[in-house]
Amino acid sequence: MKMITAAMLSTLSLISYSAFATVTEVTNYKSPYCGCCTEWSTHMQQAGFKVNDQLQEDMTAIKQQLGITPKLASCHTAVIDGYVFEGHIPATDIQAFLANPPKNAKGLAAPGMPIGSPGMESGDKKEAYSVFAFNEQGQVFEFAHHEGN
């Protein structure tokens, strides 16, 4: 029988801690009646995020509090590491943003509810849509574009 040394135990602890430390937590504010928002949470979980859904009856108040303007609005609003993510943004876009946030950016938004975006799947149909970065001053620029079919 092999014995586990203190060094081996220390290495195992570091590996376990590293894996735990890389999990990114998401607070997702959503209506209790919205199925597409639940599907987006599932998409994020499948991408390795830990999602904490917060059911809200008044999403308008949450959006106003977090600085989401009507032109950027969608159905759910998420917060990750102090950044705001509005709507059906693909996890890959969020991961890219978090890895290298644009200077002064407050977050990302996928306005509306584009068919084919995560949580809004409808067979093979996909609308073209853009994901926008925005800042506190209301400036907006295209962060990513997703082609339709």
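Begin by selecting Met44 and, leaving aside its neighbours within four places in sequence, display what is in contact with it: Val26, Phe49, Val51, Ile80, Ala91 and Ile94. Bear in mind throughout that this is a predicted model. Met44 is one of the residues with the most contacts inside the largest nonpolar core, which has 19 residues, and Val26, Phe49, Phe85 and Ile94 are the others named in that group. Colour next the elements that give two or more residues to this core, namely α2 (35-46), β3 (77-80), α4, β5 (105-110) and β6 (129-135). Apart from this core lies another, of seven residues, and Leu66, Ile68, Val84 and Ala109 are among them. In soluble globular proteins, nonpolar side chains tend to be buried together.

The twelve residues of α2 should span 16 Å at 1.5 Å a residue, and the end C-alpha atoms of α2 are 17 Å apart, which agrees. Within α2, select Cys36, Cys37, Trp40, Ser41 and Met44, which are buried. These residues cover an arc of only 150° around the axis, and they are therefore on the same side of α2. To see what that buried set packs against, bring back β1 (25-30), β2 (50-55), β3, β4 and α4.

Move to strand β3 and select Thr77. Is this residue buried or exposed? Thr77 counts as buried, at 0% relative accessibility. Its side chain is joined to that of Lys63 by a polar contact of 2.8 Å. If neighbours within four places in sequence are left aside, the residues in contact with Thr77 include Thr27, Asn28 and Tyr29, then Met59, Ile62, Lys63, Leu66 and Ile68, and also Val84, Phe85 and Glu86.

The next stop is a group of aromatic rings. Select Tyr83, Phe85, Phe97 and Phe143, which ring pairs link into a cluster. With ring centres within 6.5 Å taken as the criterion, the count comes to three aromatic pairs. In one of them, the centres of the Tyr83 and Phe97 rings are 5.0 Å apart and the planes stand at 85°, so this pair is edge-to-face. Because Tyr83 lies in strand β4 (residues 83-87) and Phe97 in helix α4 (residues 91-99), the pair ties together parts that are 14 residues apart in sequence. Tyr83 is partly exposed, with a relative accessible area of 23%, whereas Phe97 counts as buried at 0% relative accessibility.

Keep Phe97 selected and turn to Phe143, with which Phe97 forms an edge-to-face aromatic pair, 5.9 Å centre to centre and with 65° between the planes. Since Phe97 lies in helix α4 and Phe143 in strand β7 (residues 140-146), this pair ties together parts that are 46 residues apart in sequence. Phe143 counts as partly exposed, at 25% relative accessibility.

The chain has 149 residues, of which 38% count as buried. Of the contacts in the chain with a separation of 6 or more, 53% are accounted for by residues 24 or more positions apart.

Key:
Residues are numbered from 1 along each chain as its sequence is written. This is a predicted model: local features need pLDDT of at least 70, side-chain atom pairs count only at pLDDT 80 or more; totals for chains, interfaces and linings use all residues. Side-chain values use heavy atoms; hydrogens and water are left out. Rings of Phe, Tyr and Trp (its six-membered ring) pair if their centres lie within 6.5 Å; planes under 30 degrees apart count as stacked, over 60 as edge-to-face and the rest as tilted. Helices (H or I, at least four residues) and strands (E, at least two) are DSSP runs, numbered from the N terminus. Buried means under 20% relative accessible area, exposed over 50%, partly exposed in between (1.4 Å probe, protein chains only). A nonpolar core is a set of buried Ala, Val, Leu, Ile, Met, Phe, Trp, Tyr and Cys residues joined through side-chain atoms within 4.5 Å. Contact means heavy atoms within 4.5 Å. The expected span of a helix is 1.5 Å times one less than its number of residues. The arc is that of the directions from the helix axis to the C-beta atoms. A polar contact is a pair of N or O atoms within 3.5 Å; within protein, one must be able to donate a hydrogen and the other to accept it, and residues adjacent in sequence count only if both atoms are side-chain atoms.
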